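Work through the exercises below with the structure in view, trying each task before reading its solution. The model is a predicted one.

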Amino acid sequence: MDTNPSAADLIFDRIDELAQLSENPNHLTRRSLTPEHQSANALVGHWMQNIGMQVHTDAIGNIIGRLEGSDNDPNQAAMLIGSHLDTVRNAGRYDGMLGVVLPIMCLEHLQSHGETLPYPVEIVGFCDEEGVRFPSTLLGSHAIAGTLKESVLQELDADKISMQEALNAFGVTAPIDSATRQPGDFLGFVECHIEQGPVLEREDLPVGLVTAISGASRFNIKVIGKAGHAGTVPMGLRKDALAGACECIVEIEKLCTSLHDLVGTVGQIKAKPGAENVIPGEVSFSLDLRSSDDNHRAYATAQIEEALVKIAKRRQLQITVQNTYSAKGVRCDSWLSGQLGNAVKSAGYRLHSLPSGAGHDAMALASLTRVAMLFVRCKDGLSHHPDESITKEDALAALNVMITFLRQFELDT
Ligand SMILES: [Zn+2]
């Protein structure tokens, strides 16, 4: 491959530069439509302009650059590549930003070798993927896909500023639907993102090909027993809601472990009345279920419900399961992923495919165009944390794969 190792230094320099644009001087927090987000857009727009891209900010605050192909036809469908520029609070610096910096570097590299692609490329820095500021998430990609509901403009942030007011302050005044693009605008969408999990480390690989983005279901499970005196009620006569909930949680863990391609997490639990000397009478706990296969998720839900009914009966408890959130999984496009996978192999790496347990902008864009994703190994699988890190070698590997993909991309395969 003809990339120079110093390209990795530049990737890191740019990611570090973006990481300076933070609402908090001590750590990286950059919520969407803040002045810091505006600065990040300006910086990315500057890099885009330096390689001759036509740059604009759309009606939701996405920054988009377009570089024409050899036909110089502004109506030709473009390959869309990008990721998000917003962060969670106290974030890492690679989640999102790597996927914006990397494609810009790809185009720079091709230009420096005098290469013009036969098709246009658009690079996008999405305004909001993390959903930290407003209740809704994936705002930028939903707006482009035309699936953003007009009503989200009235959503308020913690300071009671509406999204519409935030957009006005950001200097974006165009109607929101003007951000919507048409399926014919794009050849596909490719996102490069850190893995946020430990699989590539285990496989000893710098990059991996994403097969699908997992669908998710969330539940609130309530267990009702009978509160009582910790000293006077004999063990055999108790209806201990917390002990029952614990059995449920262990059973859920067992079921999720036994099923293929599924993860389940109980992350919250509350016990009432919550006193040291009282048998808990009521417990509620959360359950988050994810799978790249919606059928697996539905099967697991049914299995868990069946198991909880048995536990409730045996322990004489009342257990109710309330579904609070559901999102379908999104399969990456086999044609586009096939080409990205070929690029991984051509660049000299073993191809390993894996699902994404975390949500990404590609989920929203899948309703508009074909999507594919490349994961990059990150240390200890850690993300959403200041210690999030990748190596320069892996950044260079991802750059090589993406350059190879752009060079080898064929429309008619
Ligand atoms: Zn991300």
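**Exercise 1.** Find which elements the buried residues of helix α9 pack against, and check whether the length of α9 agrees or disagrees with its number of residues.

*Solution.* Begin with the packing: the buried residues of α9 pack against β5, β6 (207-213), β16 and α11. Next, identify those residues, which are L336, S337, Q339, L340, G341, A343 and V344. For the length, note that α9 covers residues 334-346, and that its 13 residues, at 1.5 Å a residue, should span 18 Å. The expected span is 1.5 Å times one less than the number of residues. Since the end C-alpha atoms of α9 are 18 Å apart, the expectation and the model agree.

**Exercise 2.** Determine how many residues of strand β5 are buried, and which strands pair with β5.

*Solution.* Start with burial, for which a residue needs 20 or more other C-beta atoms within 10 Å of its own. In β5 (residues 186-194), nine of the nine residues are buried, and the strand is therefore largely enclosed by the rest of the structure. Then turn to the pairing: strand β3 (residues 78-84) pairs with β5 in the parallel sense over four bridges, and in this pairing I81 stands opposite V190.

**Exercise 3.** Work out how helices α1 and α11 are oriented towards each other, and which residues make their contact.

*Solution.* First take the geometry: α1 (residues 6-19) and α11 (residues 392-408) pack at an angle of about 100°, while their axes are 9 Å apart. Angles of 65 to 115 degrees count as roughly perpendicular, so α1 and α11 are roughly perpendicular to each other. The contact is made by A7, A8, I11 and F12 on the side of α1, and by K392, A395, L396 and L399 on the side of α11. Sorted by type, the residues of this contact comprise seven nonpolar, no polar and one charged.

**Exercise 4.** Decide whether I311 is buried, exposed or partly exposed, and list its contacts beyond four places in sequence.

*Solution.* I311 lies in helix α8 (residues 294-315). Because 17 other C-beta atoms lie within 10 Å, I311 is partly exposed. Leaving aside neighbours within four places in sequence, I311 is in contact with G244, E247, C248, E251 and I319.

Key: Residues are numbered from 1 along each chain as its sequence is written. This is a predicted model: local features need pLDDT of at least 70, side-chain atom pairs count only at pLDDT 80 or more; totals for chains, interfaces and linings use all residues. Axes are lines fitted to C-alpha atoms, for helices over the stretch in contact, and angles run from 0 to 180 degrees between N-to-C directions. Helices (H or I, at least four residues) and strands (E, at least two) are DSSP runs, numbered from the N terminus. Angles under 35 degrees count as roughly parallel, over 145 as roughly antiparallel, 65 to 115 as roughly perpendicular and the rest as oblique. Two residues are in contact if their C-beta atoms, placed from the backbone, lie within 7 Å. Ala, Val, Leu, Ile, Met, Phe, Trp, Tyr, Cys and Pro count as nonpolar, Asp, Glu, Lys and Arg as charged, and the others, Gly among them, as polar. A residue is buried if 20 or more other C-beta atoms lie within 10 Å of its own, exposed if 12 or fewer, and partly exposed in between; C-beta atoms are placed from the backbone. Two strands pair if DSSP finds at least two bridges between them.
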